[in-house]
Amino acid sequence: MAKGCIAATKYFLFLFNLIFFIFGATIMGFGLWILLDNQSLIAVLQDSSMVLKVVSYILIGVGSFSMLLGFLGCLGAIYEIRCLLGLYFTCLLLILLAQVAAAILIYFQRDLLRKEANEIVSQVVVNYPGQNKTAEQAWDYLQRTMQCCGWNGRLDWDANHMISNSSLELYPCSCHNASLPPPNVADSGFCEASSNDWPIYETGCLENVGSWLFTNYGIILGICLGVAVIELLGMILSMGLCKSVHQEDYTKVPKY
């Protein structure tokens with residue numbers, strides 16, 4: 001009976017570590033996406049935000065460490081190595097505590113992060129088109145796909161140097177409302193309007209991004225809770241297996 005419980009615990013722990021390895025790969029991939037992506041809001045922010053770059057490196061490090069930890073957990077489970085199981089439990093506990101600390105930090109720093117994002121995007125809008133081509137391409141892509149204009153609204157573009165200094169009625173082509181004429185406009189740069197009533201989307205991208213997050217918050221929360229549950233189960237199984245292996249070794253010791 002005891003051997004059957006040990007075998008079941010061992011293979012369950014192996015399965016959870018395999019899942020944990022996959023989650024680690026996912027986290028590392030997300031960090032790499034933040035670092036290398038040039039087609040979203042992330043690309044607009046990362047060129048000017050040191051915080052976002054640090055976050056991407058942290059995600060890559062945590063993902064890599066999680067993959068290594070999952071591999072060590074698999075070895076400890078299959079070969080019943082107590083020191084690896086103990087190390088696995090300790091590291092998993094530290095990762096869980098670090099995730100909780102990061103979530104609390106993000107929650108209490110959310111106003112600062114929102115302010116920094118607003119400042120970065122405002123600089124992109126004011127200096128468009130400038131030297132930061134990657135951020136500008138990403139911003140054009142975001143406005144087209146999210147069907148929005150400016151960060152807080154279309155009035156953000158009034159501060160743009162080219163628009164304010166031009167005698168023509170210019171507006172950003174990526175803000176163009178596809179349901180209004182003309183039917184075919186460029187994906188980037190400026191287009192000329194026939195009047196000061198620009199044929200653009202009126203909603204700011206901040207509102208649309210917030211709506212997207214609110215719509216998908218259940219998926220995001222579910223993923224976070226899933227990772228936490230897997231980590232807790234891994235900790236419980238590792239301690240259970242470690243204890244079972246210890247008891248089994250103790251019974252094998254000859255008694256005099």
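## Nonpolar cores

In this predicted model, the largest nonpolar core has 23 residues. Trp139, Trp157 and Trp198 have the most contacts inside this core. H5 supplies the largest share, 4 residues.

In soluble globular proteins, nonpolar side chains tend to be buried together.

## Packing of H5 and H6

Helix H5 covers residues 110–127, and helix H6 covers residues 133–146. Their axes lie 10 Å apart and cross at an angle of about 95°. Angles from 65 to 115 degrees count as roughly perpendicular, so H5 and H6 fall in that class.

H5 brings Val121, Val124, Val125 and Asn127 to the contact. H6 meets them with Ala135, Glu136 and Trp139. By type, the contact residues are 5 nonpolar, 1 polar and 1 charged.

## Helix H6

H6 has 14 residues, so at 1.5 Å a residue it should span 20 Å. The C-alpha atoms at its ends are 20 Å apart, which agrees.

The buried residues of H6 are Ala135, Glu136, Ala138, Trp139, Asp140, Leu142 and Gln143. Of these, Ala135, Glu136 and Trp139 also meet H5. Trp139 is also one of the residues with the most contacts inside the largest core. Gln147 follows H6 and has a positive phi, near 55°.

Note on methods: Residues numbered from 1 in each chain as written. Predicted model: local features only at pLDDT ≥ 70, side-chain atom pairs only at ≥ 80, totals over all residues. Heavy atoms only, no water. Axes fitted to C-alpha atoms, helices over the stretch in contact; angles between N-to-C directions. Helix = DSSP H or I, 4+ residues; strand = E, 2+ residues; numbered from the N terminus. Parallel < 35°, antiparallel > 145°, perpendicular 65-115°, else oblique. Contact = heavy atoms within 4.5 Å. Nonpolar A, V, L, I, M, F, W, Y, C, P; charged D, E, K, R; others polar. Expected span 1.5 Å × (residues − 1). Buried < 20%, exposed > 50% of the residue type's maximum accessible area, 1.4 Å probe, protein only. Core = buried A, V, L, I, M, F, W, Y, C linked by side-chain atoms within 4.5 Å.
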